[in-house]
Protein chains: 2
Amino acid sequence: MQDSVDHILRQWRDARPDLDCSAMGVVGRLGRVSSIWRKQIDTAFDQHELSGIEFDILATLRRSQVPLTPTELYQTLMLSSGAMSTRIEKLVQRGFIERIASEDDRRSCKVMLTEPGQQKLDAALQDHLDNMEVMLEALNKDERLQLANLLKKVLLHSR
Amino acid sequence: MQDSVDHILRQWRDARPDLDCSAMGVVGRLGRVSSIWRKQIDTAFDQHELSGIEFDILATLRRSQVPLTPTELYQTLMLSSGAMSTRIEKLVQRGFIERIASEDDRRSCKVMLTEPGQQKLDAALQDHLDNMEVMLEALNKDERLQLANLLKKVLLHSR
DNA sequence: TATTGTTATACTCTATAACTATA
DNA sequence: TATAGTTATAGAGTATAACAATA
């Protein structure tokens, strides 16, 4: 069975038989899966009127179980402080989070999930989990574990 | 050995012990690897003053070995016609591609690599291949094949 | 002086749709 | 009428840096 990457690899073999393009078989496929999954994930978030980053902010707060500062959030989610401020403000306006002024340091604040924010996240999270199960349908339990372990190996090496 | 996704999974287990978040172990890791690799790939392209899409356009023309129409290019690379026109014009201005008017259909044209364009692509491609070898360092031959095959299984199921 | 968080600015990239020329 | 390709417009998202308040 041939996929789109096999087709590309064949074209390269014809056009540049001198090159070893085997790495593309891995990197190219991972990029394509990521792109397809990204769209599918965003479609699920769309139904809750959340962007991927808005979901990530709410989810980070939810699983931490404690309020976090904007600085902690932008460092965790690898965004600039300015981009995080804008995102936070939009979520505040929609009533999903609140800023709580710090008592020790009057420059700082903590960002906390509101009750509607938690409900919004929990609903989106459930759909997200269901969605991921569909995305993984092609693989059985053992293959999922294999894939996770190979990716973990790459991650631990990259860091 | 624990990676960042293990940490997130542990947080979810504490905050929402009722949920099965195991799919995140696969999908989350794939997203992270993709994001890390994407940056590393773009860094290599940057050194040749090419964006990822500009590289893709030149590479598509190179491995096809024949001129392609803008329509074929935007369908292959999944961009809008407008976005493709803009990209093509920039590459024409830099002398990497040329538009050849069609003789049969005067609305249409073919996009062809110039000699400098081919040299630019070949240089960027060599660096890209070297770069991918580094990205895959963590995995041996057999593991790379396993990873490619698992991803291919996902791809064939998604299509 | 340094740091926290916000705001203003400018930039990149895109899709959409209007548009021209041709089929 | 439909199609190929271009152009104009507007929108989303970002990083950067200027900024105000506080440490």
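This is a predicted model: local features need pLDDT of at least 70, side-chain atom pairs count only at pLDDT 80 or more; totals for chains, interfaces and linings use all residues.
Residues are numbered from 1 along each chain as its sequence is written, chains are lettered from A and ligands numbered from 1 in the order in which they are written, and side-chain values use heavy atoms, with hydrogens and water left out.

**How the two protein chains meet**

- Contact, meaning heavy atoms within 4.5 Å, links 59 residues of chain B with 59 residues of chain A.
- About 5,900 Å² is buried between chain B and chain A, with 73% of it coming from carbon and sulfur atoms; buried area is the accessible area (1.4 Å probe) that two parts lose on being put together, summed over both.
- Six salt bridges are counted between chain B and chain A, a salt bridge being a side-chain nitrogen of Lys or Arg within 4 Å of a carboxyl oxygen of Asp or Glu.
- One of these salt bridges joins the side chains of K152(B) and D6(A), at 2.7 Å from N to O.
- At least two residues each of the side of chain B that touches chain A come from helix 1 (4-15), helix 2 (22-46), helix 3 (52-64), helix 6 (115-135) and helix 7 (141-158) of chain B; helices (H or I, at least four residues) are DSSP runs, numbered from the N terminus.
- That side of chain B holds 32 nonpolar, 10 polar and 17 charged residues, where Ala, Val, Leu, Ile, Met, Phe, Trp, Tyr, Cys and Pro count as nonpolar, Asp, Glu, Lys and Arg as charged, and the others, Gly among them, as polar.

- The same surface serves both copies, since 98% of the contact residues of chain B recur in chain A.

**Around DNA strand C**

- DNA strand C is surrounded by 20 residues, the closest being T71(A), R99(A), R107(A), I53(B) and S80(B); a residue is near a strand if one of its heavy atoms lies within 4 Å of it.
- Of the atoms of DNA strand C that come within 4 Å of the protein, 66% belong to sugar and phosphate.
- Phosphate oxygens of DNA strand C lie 2.5 Å from a polar side-chain atom of R99(A) and 2.7 Å from an N or O atom in the side chain of S80(B).
- R87(B) has a side-chain N or O atom 3.4 Å from a sugar or linking oxygen of DNA strand C.

**Around DNA strand D**

- Among the 20 residues around DNA strand D, the nearest are S80(A), T71(B), S85(B), R99(B) and R107(B).
- Sugar and phosphate make up 68% of the atoms of DNA strand D that come within 4 Å of the protein.
- S80(A) places an N or O atom of its side chain 2.7 Å from a phosphate oxygen of DNA strand D.
- R107(B) has a polar side-chain atom 2.3 Å from a base oxygen of DNA strand D.
- The surface near DNA strand D has five nonpolar, eight polar and seven charged residues.

Terms used
A polar contact is a pair of N or O atoms within 3.5 Å; within protein, one must be able to donate a hydrogen and the other to accept it, and residues adjacent in sequence count only if both atoms are side-chain atoms.
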